[in-house]
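Work through the exercises below with the sequence and the structure open. Try each task before reading its solution.

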Amino acid sequence: MKAFFDSDIWWSFRSSPVTVISAIVAAVCVFGAMLASVIAPHNPFDLASLQLMDAFKPPSWEAEGDPVYVLGTDDQGRDMLSAIMYGARVSLMVGFCAVVFSTVVGVTVGLVAGYMGGKVDSLLMRIADIQLTFPSILVALLVDGVVRAAVPREVHDQIALFVVIFAIGVSNWPQFARTVRGSTLVERNKEYVQAARVIGLSPLRIMRSHVLPNVMSPVLVIATLNLSFAILSEATLSFLGVGVPPTQPSLGTLIRIGNDFLFSGEWWIAIFPGIALIVMVLSVNLLGDWLRDALNPKLR
Amino acid sequence: MSLLQVKNLRVEFPTRRGTLVALDDVSFEIAPGEVLGVVGESGAGKSMTGAAIIGLLEPPGRIASGQVLLEGRRIDNLPYEKMRRIRGREIGAIFQDPLTTLNPLYTIGRQLVETITTHLPVGPGEAREKAIGWLELVGIPAARERIDSYPHEFSGGMRQRVVIALALCAEPKLIVADEPTTALDVSIQAQVIAMLKTLAREKGTAMMLVTHDMGVIAETADRVAVMYAGRISEIGPVRELVRHARHPYSQGLMGSIPPLDRRVERLTQIDGAMPRLSAIPRGCAFNPRCPKVFDRCLVERPELLDAGTTRASCWLYAEGGAA
Amino acid sequence: MFSFIVSRILQALPVMFVVSLISFAMFAYVGDPVAIMLGQDFTEAQRAALVRDLGLDEPFFVQFAKFIGNAVQGEFGLSYRLSRPVAELIAERAPATLELALCAAFISLCVGVPMGIYTGLFRHSWLSRFLLTFSLIGVSLPTFLIGILLILVFSVWLGWLPSFGRGDVVRIGWWSSGFLTVSGLKALILPAITLGLLQLTLIMRLVRSEMMEVLRTDYIKFARARGLPNRAIYFGHALKNTLVPVITIAGLQLGSIIAFAIVTETVFQWPGMGLLFIQSVGAADIPVMAAYLMMIAAVFVTINLVVDLLYYAVDPRLRVGRGRGH
C-alpha cells in the first residue's frame with residue numbers, strides 16, 4: 001500500500017486537480033446510483049406513492065416548484081431526482097456488464113490470436129476487421145433487432161436487459177482483441193516466454209502467467225474509456241426505444257420520455273437526466289484520459 | 001580567431017524530482033576547417049552539446065548558463081528567427097539515422113532545393129543545378145536521374161550521403177555531425193566517413209564529429225574532446241590523446257581499443273558504469289571508478305588543467321598533484 | 001495504378017460476401033416471414049404456396065445465390081411492415097440521408113482539420129486549451145442529447161429554426177433535394193450540426209495527435225536543423241505527413257456519419273434511411289434491415305476504396321513498389 005502512495009501513478013493523480021475532481025464526481029455518481037433505493041427521496045417505481053396531481057412540477061427553484069421535488073416531476077408525477085438515481089443505476093450496470101463482456105471476449109480472442117498466430121490469427125483478426133468497419137452502434141442495433149425478431153415479445157421484455165448488454169458488449173470486443181493481440185505478439189517473442197516454452201510450460205499457463213500480466217495496463221485504459229462509450233451506447237439505444245425495457249428506465253429512457261415534452265415547456269424532464277448522463281460520462285472520460293497518460297502504453 | 005567558442009556551457013533539464021544537469025561547465029573551441037572529435041559513453045552529453053550549439057535542445061532542456069559564440073557573435077541567446085537563419089547556412093547538422101531524417105513524402109531534389117533557396121540568393125532552376133552538383137559530390141551515381149527519387153528508393157548508405165549533401169548544400173562553416181555512421185553497415189561506414197572528411201577539407205568546413213567509435217576519431221579528427229557525465233574530462237590533439245592520455249578515464253577508454261601492432265594478454269576495462277545524471281557523486285564524477293582516486297577527488301570537482309600536451313580535468317595535474 | 005485498384009476491390013469482396021451471408025441468414029432464419037406475411041388466418045395450402053413462391057423450400061445455397069442475384073439488382077423483397085418493395089423505400093429515403101451526411105461531413109472536415117492543426121502546433125495557447133476542453137465535452141455528449149439541446153435553444157426558446165422534417169424539397173428526377181429552398185436549408189442546419197459535431201471533435205483530436213507525433217520525428221528536427229522557415233516545416237513537411245494516417249481514419253469516421261444519422265434522424269424526425277431502419281428494428285422488419293445492412297456495407301467498401309486511392313496519391317512509398325537498392 002505504501003508502495004502505491006510512493007508510485008508515479010499516485011503522484012500524477014494528485015498533481016492533476018481535474019483528475020481528482022472527476023474521480024470524486026465519478027465516485028458520487030456510482031454511490032448515488034448504487035444506493036438509489038436507500039437514499040433516493042422517493043421510489044419512482046412504487047405506483048402507490050405516485051400522485052398524478054403532482055405531474056409536471058417544475059424544479060423547486062421555479063415559481064410553481066414544489067420543495068418536495070427538487071428537480072421537478074415527470075408526466076406521471078415521478079420525482080425526477082429519484083428517477084435519475086434509479087436510471088443511473090441501470091445505465092451504470094448495463095455499461096459495466098457490457099465492458100466486462102467485451103473485455104473477456106476481446107482479451108481471450110486477442111491472446112489466442114497473438115499466441116497461436118498463423119491461420120487462427122488471420123481468421124480472428126479478419127472477423128475483427130470486418131466488424132470494425134461498421135460503427136459499433138450499428139452493430140448493437142442489428143444484434144438487438146435480430147434478437148427482437150427471433151424471440152416472442154413476452155420473452156423479449158424479460159431478457160431485454162441482457163440483450164442490450166450483449167449487443168453493446170459484442171459491438172466493442174474487436175478493440176480489445178487488437179490491442180491484446182499486438183502486445184501478445186511482442187511478448188511472445190521475448191526471451192522469457194521462449195524460455196517458458198522450452199521448459200515445457202503449457203500454452204495456457206504461459207498466456208495466463210506471463211503474457212496476460214503484461215497486456216493488462218493497455219486493457220485497463222481501453223476498458224475505462226470503453227465504459228463511457230458503453231454508457232453512451234446504452235443511452236442511445238434506449239433513446240431510440242430499442243434498449244432497456246420501459247419497466248427499468250435508464251437515463252436514456254428518461255431523456256426519450258422527456259423529449260416528448262420539450263415543446264410544451266417541460267424542459268426539465270429531458271434536461272436533468274441529460275446533465276446526469278454528461279457528468280457521468282465526462283468524469284469517466286477524464287479518468288480514462290488521465291489513466292492513459294499515466295500508464296502511457298502505446299495506444300492509438 | 002576560432003570559429004566556434006563554447007564557454008562554460010550548462011544545460012539543465014527541470015524534472016519533477018529536481019533539476020538534472022545534463023551539461024556542466026563545458027568549454028571548447030573549434031578553429032576554421034578543424035575537425036573536433038567528441039567521444040564518450042552513451043549519455044555523457046555528446047549529442048546534447050551538438051543540440052545546444054545548433055539551438056535545438058529538446059524541451060524542457062535549456063541552456064542555464066554559459067555562452068556559444070560563432071565567429072565572436074553570441075548565438076545561444078538569439079531569437080528563434082535569427083537562429084533559424086544561422087542553422088543550415090552557417091552551422092549544418094547531420095543526424096544519426098538516415099532512414100528517419102529524410103521526409104519520406106518529398107523527393108530528395110525538393111528537399112535539397114528548398115534548403116538551398118532558403119539560404120542562398122538563387123532561383124529554383126539554379127538551385128536544382130546546385131543540388132545535382134552536391135549529389136555528385138557526395139557520390140550519388142547518376143545524380144541527374146535520381147534527383148527526383150523519393151528517400152525510400154535509396155539504401156541506407158546512399159541516404160546518409162543525401163543527408164550530408166543537405167547539411168552542406170548551403171555551404172555552412174561548421175558541421176555538427178552526430179554519430180553520422182553509427183546506423184550504417186560497417187562496410188559502408190568507412191566510405192561515408194572518408195567522403196565526409198574529403199568534402200570538409202575541400203570546402204574548408206569545420207566539423208564537430210560526435211561518435212563513440214575511436215577508430216573514426218583517430219582517422220578523422222584533428223583534436224579530441226572526451227566527455228564523461230556531462231563534462232569534458234580531457235581535450236587535446238588526437239595523436240597525443242590516443243597515445244598518451246592523461247586523464248584516468250581517457251586512459252581507460254584508450255586502453256579498451258585493441259592495438260593492431262602488438263599482442264596483448266587482455267584489454268583494460270573500466271569497472272562500473274557511468275553515474276546517472278540524477279546521482280552524480282560529489283567531487284570528481286569519475287571518482288567511484290577511478291584507479292588513482294585520492295582524497296581531493298572525493299570533495300572537490302576538478303577544472304580542466306594543463307596536463308602537458310592535453311588539458312585534463314583531473315587533480316593529478318594540479319599544482320603539487322597527488323603528492 | 002490499375003492493379004492497385006483491382007487488388008483493393010478483390011480485398012473488399014470477402015467483406016461484402018460475409019455481410020451478404022449475415023443479411024441472408026437474418027432474412028432466412030430470423031423470425032418466420034411466412035407467418036408474418038400471412039397474418040393471423042391462413043390455410044396450410046396457402047402457407048405451402050407462399051413457401052414455394054418465396055423459394056423457401058429450396059436448398060440453402062440456391063436460396064443464397066438467388067438472394068445475392070436479387071441484391072445485385074437492388075431487389076430485397078417486400079417490407080413486412082409497409083408491404084412495399086424495400087428497394088423503393090430505400091430509394092425514396094436515400095436523398096434525405098445523403099444530403100444530411102454530406103453537410104455533416106463538410107462541417108466536420110472544414111472545421112475539425114484546421115482546429116486540429118492549430119491545437120497541434122500551439123499546444124499551450126489558451127485557445128488550444130479551450131478547444132481541447134470543448135472536444136472532450138464533445139465526445140462525452142451523446143448525439144441525441146446534442147440534438148435535444150439544439151432544439152431546446154434554437155427551436156423552442158429562440159424559435160429561429162425548425163425542429164423536425166426536411167422543409168420543402170424540390171424533386172429532380174427521383175432525387176428530392178432540400179438544398180434549393182430556404183425552408184429546406186433552414187431545416188438542414190440543426191441536424192447537420194448535430195451529426196457533424198461528434199465527428200468534428202474526433203477529427204480534431206486525431207489531427208492534433210498526429211501533428212504532435214509528426215513534429216517529434218527526426219525529419220522535422222532535421223528540417224529545423226536545415227534552417228527551413230516554420231511555415232515550410234508546419235504546412236509543408238508536417239501537414240503532408242499528418243494527412244497520411246488522417247485520411248484513413250477520417251474516411252472511416254465519415255462513413256460512420258451515415259450510421260450515426262440513425263440517431264440524428266430520430267431526434268429531428270428526418271425522413272431518411274436511418275429513421276426507416278430504426279422503425280424496422282422496432283418492428284422486426286427483417287427485409288429492410290437486411291437491405292440497409294447491405295447498403296451500408298457497400299457505402300463503407302466504397303469509402304475504403306476512395307481512402308486507399310487518396311493514400312496512393314499522397315504517399316510515394318505505395319506508388320513505387322520497392323526501393324531500387326544501392
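Residues are numbered from 1 along each chain as its sequence is written, and chains are lettered from A in the order in which they are written. This is a predicted model, in which local features need pLDDT of at least 70 and side-chain atom pairs count only at pLDDT 80 or more, while totals for chains, interfaces and linings use all residues.

**Exercise 1. The contact between chains A and C**

Find how many residues each chain gives to the contact, and which element of chain A gives the most to its side.

Step 1. Two residues are in contact if their C-beta atoms, placed from the backbone, lie within 7 Å. The contact takes 34 residues from chain A and 32 residues from chain C.

Step 2. Helices (H or I, at least four residues) and strands (E, at least two) are DSSP runs, numbered from the N terminus. On the side of chain A that touches chain C, the elements with two or more residues are α6 (118-133), α7 (136-150), α10 (203-239), α11 (251-259) and α12 (268-295). Of these, α7(A) gives the most, with ten residues.

Step 3. Chains A and B, in contrast, do not touch; their nearest C-alpha atoms are 10 Å apart.

**Exercise 2. Helix α11 of chain A**

Determine how many residues of α11(A) are buried, and what they pack against.

Step 1. A residue is buried if 20 or more other C-beta atoms lie within 10 Å of its own, exposed if 12 or fewer, and partly exposed in between, with C-beta atoms placed from the backbone.

Step 2. Nine of the nine residues of α11(A) are buried, including A:Leu251, A:Arg256 and A:Asn259.

Step 3. These buried residues pack against α5 (80-116), α10 and α12 of chain A, together with α7 (143-157) of chain C.
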